[in-house]
Amino acid sequence: MPNPILTLGIETSCDETSAAVVQAGEVVLANVISTQIPVHRRYGGVVPEIASRQHVEAIVPVVEEALQQAQVDWSAISHIAVTAGPGLVGALLVGLSYAKALAYSLDLPLVGVNHLEGHIYANFLAHPVQLPLLCLVVSGGHTDLIYMPEHGHYESLGRTLDDAAGEAFDKIARALGLPYPGGPEIDRLARQGQETAFDFPRAWLEPNSFDFSFSGLKSAVLNELNRLQQKGSPVPVADVAASFQAAVIDVLVTKAIAAALAKKVSVLYVAGGVAANSSLRHKLTEAAQPHGIEVRFPPLQLCTDNAAMIAAAGYHYWRAGKFADLHLNATANLPLASW
Ligand code: KG4
Ligand code: ZN
């Protein structure tokens, strides 16, 4: 008999309102994502106040749509998993308040999930996963190498000391006059440019360090753009995009492979919005092959923010009996802690 445990996941940490129904932490029955990107695009980035208001408008229909698509009613739901942080506090509060109200009124257990662990758990929805696992998490807010010996246990091998990879993509895209979010735009344009057109710096940091830094690269690209502008030269946008992207990906690939070798894992998992990058997918897979390391990426829709990944992580909280009470609060800078 199939495992009947159904998790309702709710995610509102940034600019997507999402609700999902996931069976046994692995099978996605519904994953509804209402994106606010067209609204924020006008301002060149996410406007927190607007994000909160948009979540308020979307949350009820998105949750109802998820139940409808999954063809289940409330009586089938076993528990509710909601993102408690990190993220925009006003945005998080919308999903969290609604999840708490549902848990209270329907008398369902509630669990609070860290957004970052949600990204890692997206992999459980995509392919069979064996623990321990090593995951490169690359998103708009994070660049982390995380080793996970068992469910709910996280060991940070390295992280960004300044900007996240996705944040660097978004900032450089903005400077190039590309719309928000910049990652997919740079990914697209880079295919038409030369990676070697500009020799942008790679921050390797200390030998054997698994930490990252992208602020020096960002400054180097911005300086180059200024220099070109001052000379009155046209900006070769595709070449800048390709050279910048290559610099980010070189470092991500080299450090992720080094971490996989240090931890002696045969599979390397990747997660987060930047995991959708076509060059990262290609170069990391290629670089890992001679070492006998297989690289696994979630499908594109599970790389960027979604509630199915929150439900996948929430299922394991439920199994471990790690429930939240109605005092659960939204925490903008919630660290990834073991439970
Ligand atoms: O995981 P995510 O949806 O939200 C956060 O938790 O931050 O990641 C969003 C980030 C943005 O910075 C976006 O530009 C980046 O992921 N991104 C990409 C691509 N698709 C999304 N970056 C590079 N290449 C892409 N194809
Ligand atoms: Zn995210």
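Let's start with a term: a residue is buried if its relative accessible area is under 20%, exposed if it is over 50%, and partly exposed in between, using a 1.4 Å probe and protein chains only. What you're looking at is a predicted model, where local features need pLDDT of at least 70 and side-chain atom pairs count only at pLDDT 80 or more, while totals for chains, interfaces and linings use all residues. Residues are numbered from 1 along each chain as its sequence is written, chains are lettered from A and ligands numbered from 1 in the order in which they are written, and side-chain values use heavy atoms, with hydrogens and water left out.

**The zinc site**

- Which residues hold the zinc ion (ligand 2)? The zinc ion is coordinated by H115 (NE2), H119 (NE2) and D305 (OD), at 2.0 Å.
- To count as a donor, an N, O or S atom must lie within 2.8 Å of the metal (3.2 Å for Na, K and Ca); water is not among the atoms, so sites may look incomplete.
- Along the sequence, the zinc donors follow the spacing H-x3-H-x185-D.
- H115 sits in helix α4 (residues 115–121) and D305 in the loop between α10 (300–303) and α11 (307–320), so this pair ties together parts that are 190 residues apart in sequence.
- Helices here are DSSP runs (H or I, at least four residues), as are strands (E, at least two), and both are numbered from the N terminus.
- H115 is buried, at 7% relative accessibility, and D305 is buried too, at 15%.

- Ligand 1 has 20 residues around it, and the closest are G140, D170, G183, D187 and N277. Being near a molecule means having a heavy atom within 4 Å of it.
- Some polar contacts stand out (pairs of N or O atoms within 3.5 Å; within protein, one must be able to donate a hydrogen and the other to accept it, and residues adjacent in sequence count only if both atoms are side-chain atoms).
- D170 places a polar side-chain atom 2.6 Å from an oxygen atom of ligand 1.
- G166 brings a backbone N or O atom to 3.1 Å from an oxygen atom of ligand 1, and a backbone N or O atom of D305 is also 3.1 Å from an oxygen atom of ligand 1.
- On its own, ligand 1 exposes 550 Å², and the protein buries 89% of that. Those areas come from the Shrake-Rupley method with a 1.4 Å probe; for residues, only the protein chains shown count as cover.
- α4, α5 (165–175) and α6 (182–190) are the elements that give two or more residues to the shell around ligand 1.

- As background, most residues other than glycine have a negative phi, and most peptide bonds are trans.
- L131 and P132 are joined by a cis peptide bond, with omega about 0°; P132 is in the loop between α4 and β6 (133–138).
- Another cis peptide bond links Y180 and P181, with omega about -10°, and P181 is in the loop between α5 and α6.
- Q71, which isn't a glycine, has a positive phi near 55°. You'll find Q71 in the loop between α2 (48–70) and β4 (79–85), and it is exposed at 74%.
- N208 isn't a glycine either, yet its phi is positive, about 70°; its place is in the loop between α6 and α7 (215–231).
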